[in-house]
Amino acid sequence: MPTLWATPPLHRMPLIEAAGCGAGRTTGATGAAASLPRADLADRLSNRLASPRRRDHHVGMPDNQLPVAPTVVRLPRYTKTEQDEILGDGDDPFGVAAAGLTWLPKEEHFGIRHGDRLVAHAGLLRLPVAIGDTRTEVVGVGGVAVAPDMQGQGLARLVVTAALDHARTMGPQHALLFCRPPLVPLYQRLGWHPLDRDVLVEQPGTRLVTMPLRTMVTPLRDQAHWPSGPVSLFSLPM
């Protein structure tokens, strides 16, 4: 399957009431509190912030917050059950069913766990490809997914980076992935480059079809250069 990496949600920072913080309007310093001497007002604010309820609200760790730096592990397998653990059991978790394509499963799998739950995944598969007159191989990257409630913590960057570290040991000069157009800027920030031409992929019945998703590549070797010319993948997409 292609990659899935939604834009991290924007989180509103908690508004901490304060007074005497320079020019401008303050929040919560109206009425009697506004007329208190600075020391008394500071004591009152300190007491409010020190109360158990207030402390828990601001510094308590949500259930989906990773308590320590996450570790990427190599997975012995990646089943439909494990994919559902990350993305749920919807009919089209990657949002690409309308393309009507058949996809290859990956052979190498990397993941991040939060407790007993798998919350991120990236897969790899070595594939034959023609680029102009050059026949070579690429490492296909696919199935990149982060659980919706765990996004915004850099897990996609971690799991993709670990997968690419392994891809560098597999031989090919480049990695290749397919993604939906809104995800292109996110992968560009990770060093991927979109191809500016159509890519042909195989489908059942020896059909060659144009990949409707964006194709992106990244080098796996220093000084690796992507050749010019049309691109054909001699397999199903991954």
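**Figure 1. Salt bridges of the predicted model.** The structure holds five salt bridges, a salt bridge being a side-chain nitrogen of Lys or Arg within 4 Å of a carboxyl oxygen of Asp or Glu. One of them joins the side chains of Arg74 and Glu108, with N to O at 2.3 Å. Because Arg74 lies in strand 1 (residues 72–75) and Glu108 in strand 2 (residues 108–114), this pair ties together parts that are 34 residues apart in sequence; helices (H or I, at least four residues) and strands (E, at least two) are DSSP runs, numbered from the N terminus. The model is a predicted one, in which local features need pLDDT of at least 70 and side-chain atom pairs count only at pLDDT 80 or more, whereas totals for chains, interfaces and linings use all residues. Residues are numbered from 1 along each chain as its sequence is written, and side-chain values use heavy atoms, with hydrogens and water left out.

Figure 2. The side chains of Lys80 and Asp84 meet in a salt bridge of 2.8 Å, N to O. Lys80 and Asp84 are four residues apart in helix 4 (residues 80–87), and are therefore separated by about one helical turn. Asp84 has a relative accessible area of 22% and is partly exposed, where buried means under 20% relative accessible area, exposed over 50%, and partly exposed in between (1.4 Å probe, protein chains only). In the salt bridge between Asp165 and Arg168, the closest N and O atoms are 3.0 Å apart. Asp165 counts as partly exposed at 45% relative accessibility, and Arg168 counts as partly exposed at 35%.

**Figure 3. The aromatic pair of Tyr187 and Trp192.** A search of the whole structure finds one aromatic pair. The ring centres of Tyr187 and Trp192 lie 6.3 Å apart and the ring planes stand at 80°, so the pair is edge-to-face. For this assignment, rings of Phe, Tyr and Trp (its six-membered ring) pair if their centres lie within 6.5 Å, and planes under 30 degrees apart count as stacked, over 60 as edge-to-face and the rest as tilted. Tyr187 is buried at 0% relative accessibility, and Trp192 is buried with a relative accessible area of 1%.

**Figure 4. The largest nonpolar core and the surroundings of Trp226.** The largest nonpolar core has 60 residues, and those with the most contacts inside it are Leu124, Val141, Leu155, Phe178, Tyr187, Trp192 and Trp226. Strand 3 (residues 117–131) gives the most to this core, with nine residues. A nonpolar core is here a set of buried Ala, Val, Leu, Ile, Met, Phe, Trp, Tyr and Cys residues joined through side-chain atoms within 4.5 Å. Not counting residues up to four places away in sequence, Trp226 touches Ile131, Val138, His174, Leu176, Leu195, Val217 and Val231, a contact meaning heavy atoms within 4.5 Å.

**Figure 5. Strand 5 and His174.** Six of the six residues of strand 5 are buried, so the strand is largely enclosed by the rest of the structure. In a regular strand the side chains alternate between the two faces of the sheet. From strand 5, His174, Leu176 and Phe178 point one way and Ala175, Leu177 and Cys179 the other way, and all are buried. Strand 4 (residues 134–146) pairs with strand 5 in the parallel sense over two bridges, pairing being assigned if DSSP finds at least two bridges between two strands; the partner of Val139 in strand 5 is Ala175. His174, which is found in strand 5 (residues 174–179), is buried with a relative accessible area of 7%. Leaving aside neighbours within four places in sequence, His174 is in contact with Val138, Val139, Thr218, Pro219, Leu220, Ala224, His225 and Trp226. The C-alpha atoms of His174 and Leu220 are separated by 5.0 Å, although the two residues are 46 residues apart along the chain.

**Figure 6. The loop at Arg197.** Arg197 is found in the loop between strand 6 (193–194) and strand 7 (199–203), and counts as partly exposed at 40% relative accessibility. Beyond its neighbours within four places in sequence, Arg197 is in contact with Gly229, Pro230 and Val231. Arg197 and Val231, 34 residues apart along the chain, have their C-alpha atoms separated by 8.0 Å.
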